[in-house]
Amino acid sequence: MINTFLDAVFRNCNPSGYVHLYVFSHQRGVKSLLSERVALTDRARIAAAAVMRQGTVFSPPVCLFAPGGTTAENNVLEAPVIALELDGNPSEGRALAEAVLGTPTLVIRSGGVTAQGEHKLHLYWRLTQPARSTEDIATLKRVRHGIALI
């Protein structure tokens, strides 16, 4: 499953980039269980993080970072997708987002269920070309924030 995600999201990206792996728990008082940079080509390490242990949450990577730097925004190498989390009203949010952006490249059930019984969703729209310049990354960030307000 994680390889399908990586192929769909990072298909048009530079394979020499790094992703930020982040695994956390929803348990009160528990800090992140994993927070590290890993080469995009290290599929085994990424897959291991995705299934780290039961009761944890894997936050899938949505951008690549340059080698040797931090995971700060100013070190983003490529941002290839518009990502949207739909936790409140997934079916309505999805319909509205699709009316603006079209059919998503990837739809993932995030593991949660709303009080109304709907599966929470993460939607991804792969860009034709990843955002690479500071200006393009800033624009993508504004689009992500704007679409989240729908």
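Mentor: Let's take the salt bridges, then a surface patch. Keep in mind that this is a predicted model.

Trainee: How many salt bridges are there in the whole structure?
Mentor: A search finds five. One of them pairs Lys 141 with Glu 73, with the closest N and O atoms 2.8 Å apart.

Trainee: Where do Lys 141 and Glu 73 lie?
Mentor: Lys 141 is in helix H4, and Glu 73 is in the loop between strands S4 and S5, so the pair ties together parts 68 residues apart in sequence. Lys 141 is partly exposed at 37% relative accessibility. Glu 73 is partly exposed too, at 45%.

Trainee: And which residue does Arg 132 bridge to?
Mentor: Glu 78, with the closest N and O atoms 2.6 Å apart. Arg 132 sits in the loop between strand S7 and H4, while Glu 78 belongs to strand S5, 54 residues away.

Trainee: Is Glu 78 buried or exposed?
Mentor: Buried, because its relative accessible area is 3% and the cut-off for buried is under 20%. Arg 132 is partly exposed, at 38%.

Trainee: What about Glu 98 and Arg 94, where are they?
Mentor: Both are in helix H3, four residues apart, about one turn of the helix.

Trainee: New topic. Which residues form the nonpolar patch on the surface?
Mentor: Leu 96, Val 100 and Ile 150, with about 260 Å² of accessible area together. Val 100 is in helix H3. At 55% relative accessibility, Val 100 counts as exposed.

How values were computed: Residues numbered from 1 in each chain as written. Predicted model: local features only at pLDDT ≥ 70, side-chain atom pairs only at ≥ 80, totals over all residues. Heavy atoms only, no water. Patch = residues over 30% accessible without salt bridge, like charges linked within 9 Å, V, L, I, M, F, W, Y side chains within 5 Å. Areas by Shrake-Rupley, 256 points an atom, 1.4 Å probe, with all protein chains shown as cover. Salt bridge = Lys/Arg side-chain N within 4 Å of Asp/Glu carboxyl O. Helix = DSSP H or I, 4+ residues; strand = E, 2+ residues; numbered from the N terminus. Buried < 20%, exposed > 50% of the residue type's maximum accessible area, 1.4 Å probe, protein only.
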